[in-house]
Amino acid sequence: MDPIFAELPFARCVLGRATVPAALVEGAPEGVEPDRDGLVSVDLELAQGRIARIAPAGALRADLDLGRRMVWPCPVDIHTHLDKGHIWPRAANPDGTFWSALETVRADRERHWKAADVAARMEFGLRCAFAHGTCAIRTHLDNIPPQAAISWPVFAEMRARWHGRIALQAVSLAMLEHYRGPEGRDLADLVAAHGGILGVVPLVGPELDADLDRFFALAIERGLEIDCHVDESLDPGARTLDHLARAAIRHGYRGRILAGHCCSLSTRDPAEVTRTIDLLLEAGIGVVSLPMCNLYLQDRAAGRTPRRRGVTLLHELAAAGVPVMLASDNCRDPFYAYGDHDLWEVFREGVRIAHLDHPIGSWPRALTTVPAQWMGLEGAGRLAVGAPADLVIFEGRAWSEVLSRPESGRTVLRGGRPIDRRLPSYAELDFLFA
Ligand SMILES: [Zn+2]
């Protein structure tokens, strides 16, 4: 922690001259106009762990002058795989391809994923995320039998233990065939019993629409939200996103549906894409992009330089009004060899990969306000009077400064108090790989 924060009176204090993205401020005070980079300069009064006042810079008597350092609300990671994380030392992807990732994870899961193993790696990931400033996470959990019965109780214990530090949600990650018959009903019941979200990886095939009908019926009967991995390829013929949207419309589904990846949209005919986006709007589907994982897996072939970036049509979706989010996805597992559960890294890399700049505009909302609303987290992901004083205070003061360094020295306040930002040592997981 930067020592200047240790001395602050935390029951009530004013942080003076903070630079904040205007897109993250709700109810900006009079006389505060964004500059051409979409940034505003404000004083932030914190009281009893919440934001008590937002005023034009210089209007309040500051306990600490931030000297224009940038401040964000703590970010929200809406698409992760905490159950897969950090298996790399025993399950390296031999060639970095998607199919090797699937096969390597399957073998590791069948051999190693007992409750203690899943719990140790999940805890490690949560500690990394917390130290980096994340305040909420949605994780997918592999629900290929018999893993569901092992991982859901581990998740329930983690959710209880991390309550107040990281709000946790979980999604059942399974194939459509796993929702057929009595086993499918049992799986949906298990998800409902844990307050989870129904997830699936729909794939093209003759049974796709019938399977989606069954899947939606299971969700509707139990009042479950839906979260899917969709078209995670660059195949211009991939159309499961359209099938998913049509199924939602056919069933009059009213809950939230989040579609992850949607990489192949970037390779499809533009006229057809327009129709698909219309379907997404009609069905009320949101899209989460996982830019670092996509860059790693997509357009990969040994000995050939990748040409394409793999990310979905972020600009076109956002312009059309589809809720668009960014998240981290996998960490140190066969689907992504790297990563540290750091949403700041995701934003930095996302800006570079998908040109989310000039202007940066509303893109900071894609890892804060939008996923917080989608997850139903009250007050999170925005700077507003009454919202929790869960803040990330960067060292940089402008986009060209914060986006140029990893910001390892950032300060994180939770409930108005600085947290210990030390990351867990990798050596703590060595016992899993002995
Ligand atoms: Zn994923």
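## Helices and strands

The chain has 12 helices and 16 strands. The model is a predicted one.

## Overall size

The chain holds 434 residues.

Extent along the principal axes tells the rest. The C-alpha trace spans about 65 × 55 × 50 Å.

## Two domains

The chain is divided into two domains. Domain 1 is made of two segments, 3–73 and 382–418. Domain 2 covers 76–374. Taken over C-alpha atoms, the domain centres are 31 Å apart.

The domains touch. Domain 1 contributes 16 residues to the contact, and domain 2 contributes 14. What kinds of residue make up the side of domain 1 that touches domain 2? That side has 10 nonpolar residues, 1 polar residue and 5 charged residues.

## Helices H2 and H3

Helix H2 runs over residues 115–132, and helix H3 over residues 147–161. Their axes come within 10 Å. They cross at roughly 40 degrees. That angle is why H2 counts as oblique to H3. The crossing is right-handed.

Which residues of H2 and H3 meet? From H2 come Ala115, Val118, Ala119, Met122 and Leu126. From H3 come Ile150, Ser151, Pro153, Val154 and Met158. By class, this contact has 9 nonpolar residues and 1 polar residue, with no charged residues.

## Helices H6 and H7

Is the crossing of H6 and H7 left-handed or right-handed? H6 passes H7 in a left-handed crossing.

On the H6 side, the contact involves Leu241, Asp242, Ala245, Arg246, Ala248 and Ile249. These meet Thr276, Leu279, Leu280, Glu282 and Ala283 in H7. Sorted by class, the contact of H6 with H7 has 7 nonpolar, 1 polar and 3 charged residues. Asp242 and Arg246 in H6 and Glu282 in H7 are the charged ones.

## The two pairs side by side

H2 and H3 cross in a right-handed way, whereas H6 and H7 cross in a left-handed way. The H2 and H3 contact has no charged residues, while the H6 and H7 contact has 3.

Definitions and conventions: Residues are numbered from 1 along each chain as its sequence is written. This is a predicted model: local features need pLDDT of at least 70, side-chain atom pairs count only at pLDDT 80 or more; totals for chains, interfaces and linings use all residues. Axes are lines fitted to C-alpha atoms, for helices over the stretch in contact, and angles run from 0 to 180 degrees between N-to-C directions. Helices (H or I, at least four residues) and strands (E, at least two) are DSSP runs, numbered from the N terminus. Angles under 35 degrees count as roughly parallel, over 145 as roughly antiparallel, 65 to 115 as roughly perpendicular and the rest as oblique. A crossing is left-handed if the near helix is turned anticlockwise from the far one by less than a right angle, and right-handed if clockwise. Two residues are in contact if their C-beta atoms, placed from the backbone, lie within 7 Å. Domain bounds come from an automatic or database domain assignment. The radius of gyration is taken over C-alpha atoms; the globule rule is 2.2 Å times the number of residues to the power 0.38.
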